[in-house]
Amino acid sequence: MDEQSTKETMITREEIGNHQDEWNITIQDEWNITIQESNSDSHEISENARQWLKSLEKSSEYPTIGSSQKPKIHMVPKMHREIESNVWCYEPLVVALGPFHHGKSKLQPMEKYKEMLAIQFADQESTKLPWLLTKSVSIDELYKMVKNIVPNVRDCYAEDITKYYSDEEFAKMMFLDGCFILQYIHCLVTGNYKQLQMRSHDIAFIRRDLFLLENQLPFEVLHVLMSCRFKKDEGMRMIKTFISRAHAKPPQNHGLIQSINNFFLGFFGKIYEGEGPYLMKEENPAHLLEISRTQLINPNVFSEGGYYLRGEWCSYRSAMELKKAGIYFRRGKSRRLSDIKFNSFRFSALLTLPPITIDDSTKSELLNLVAYEACPDTPDDFGITSYLCFMDSLIDRAEDVKELTSKGILLNFLGSDQEVANLFNEIATDLVPNPHAFIDVKAKIENHYNNKGKIWIAE
């Protein structure tokens with residue numbers, strides 16, 4: 001062959017068959033073919049590329065992306081913090097728990113209360129109630145139990161967060177913060193607010209601060225302290241009751257008798273109308289925020305289907321648009337945000353939604369749950385995110401809020417209907433839901449809306 005990379009020649013079909021692979025032949029017509037001269041040099045792999053390919057072959061030995069032996073307590077992802085109007089929702093107002101905000105000057109006044117509540121927690125008489133089984137243990141023993149787990153607890157945070165603390169400093173912080181959390185929860189569950197010796201607004205702000213992503217304490221700390229002070233699983237039941245009541249309504253100053261009644265109701269799983277809290281997995285959760293999310297979301301709801309898999313498309317329509325089309329709203333008995341149902345009748349339909357309390361702490365708690373779902377090592381169902389996107393589709397304006405409020409779905413302790421509408425619109429900014437979430441409900445809404453006969457009757 002000459003220096004040209006291709007040439008045309010006359011050749012028989014037998015010769016083509018014998019040399020087609022070798023010559024890289026392309027048939028142009030019945031007798032004319034093009035032979036592509038192979039340039040072996042252009043196909044050589046460089047040494048750098050060869051080493052890179054070898055590293056890829058070993059990639060199967062790496063752990064699965066997003067997995068970890070132990071879930072970490074993360075900072076709020078950068079993309080969430082970049083929304084300026086939401087930054088305050090991730091910052092504690094009165095108390096720092098754990099290392100992220102420890103030492104901030106504005107949070108120092110609460111440090112003296114941590115010491116007081118730690119002493120109260122260690123005092124058996126301060127937590128002695130007929131139905132709450134407790135054990136006697138000294139404050140020294142409580143501290144030793146926490147100090148023994150410091151190496152494990154350190155692993156729950158990134159190294160650059162804890163490297164500034166010695167083991168003893170870290171143990172003191174975990175001990176005080178853990179006792180503070182449990183004694184605070186105990187006082188609220190039993191209605192013994194006076195024992196906290198705090199102003200009412202501080203009590204409310206602490207409840208908010210307990211559910212911040214960057215204010216979480218590894219549950220192992222709480223578990224060790226509870227195992228020392230409470231018998232059986234009384235401590236865990238106390239925590240679940242506290243979270244259930246926090247979801248049920250905004251904090252109120254009940255009398256002692258009413259608070260005890262509420263405690264009994266929560267203790268036997270009857271906080272909600274005819275339905276107890278969603279059962280958690282048996283192993284210890286990562287922290288309180290995870291327990292809160294577990295009570296709000298049933299992950300099985302998001303396990304099948306998806307519009308990008310089914311090839312279906314569902315438009316978004318506000319509450320008032322759906323009402324005009326003959327779709328009405330009803331308050332569900334369950335407070336799990338994943339419990340959304342659609343029932344179709346001959347000429348109308350019913351969309352059942354869980355009730356949700358909207359108050360000053362709602363935006364902060366929901367945004368921190370969304371931030372938690374965006375972190376590695378967390379459940380990938382995006383349940384809270386998907387719920388907020390669904391509600392955002394229903395709520396455009398104040399009249400949509402008014403409609404849902406009139407049905408008892410939105411319990412508005414925030415302010416005007418427009419403020420509530422703004423809250424959902426702001427929270428849902430740039431959120432992407434799980435494509436499997438509420439897909440059957442969305443499809444049924446779309447089918448109803450596209451039924452001209454039902455629309456005509458509704459109108």
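Residues are numbered from 1 along each chain as its sequence is written. Because the model is predicted, local features need pLDDT of at least 70 and side-chain atom pairs count only at pLDDT 80 or more, while totals for chains, interfaces and linings use all residues; side-chain values use heavy atoms, with hydrogens and water left out.

I begin with the sheet. It is open and has three strands in the order β4-β6-β5, with mixed pairing. Strands here are DSSP runs of E with at least two residues, helices are runs of H or I with at least four, and both are numbered from the N terminus. Two strands count as paired if DSSP finds at least two bridges between them. In general, strands of a sheet pair through backbone hydrogen bonds, either parallel or antiparallel.

The edge strands are β4 (327–331) and β5 (341–344), each pairing on one side only. From one strand to the next, the twist averages 25°. Between β5 and β6 (residues 349–353) the pairing is antiparallel, over four bridges. Within this region, serine 344 stands opposite alanine 349 in β6.

Which helix packs on the sheet? Helix α20 (residues 439–449) does, touching β4, β5 and β6, where contact means heavy atoms within 4.5 Å. The direction of α20 makes about 35° with that of β5; axes are lines fitted to C-alpha atoms, for helices over the stretch in contact, and angles run from 0 to 180 degrees between N-to-C directions.

I turn now to the salt bridges, each defined as a side-chain nitrogen of Lys or Arg within 4 Å of a carboxyl oxygen of Asp or Glu. The whole structure holds 20 of them.

One joins glutamate 111 and lysine 114, at 3.0 Å from N to O. Both residues lie in helix α4 (residues 111–122), three residues apart, or about one turn of the helix. Lysine 114 counts as buried because its relative accessibility is 0%; buried means under 20% relative accessible area, exposed over 50%, and partly exposed in between, with a 1.4 Å probe and protein chains only.

Arginine 293 has two partners to mention. Its salt bridge with glutamate 373 spans 2.9 Å, N to O. Glutamate 373 is in helix α16 (residues 362–373) and arginine 293 in helix α13 (residues 288–296), 80 residues apart. With aspartate 381, the closest N and O atoms of arginine 293 are 2.2 Å apart. Aspartate 381 lies in the loop between α16 and α17 (383–394), so this pair ties together parts 88 residues apart in sequence. Arginine 293 and aspartate 381 are both buried.
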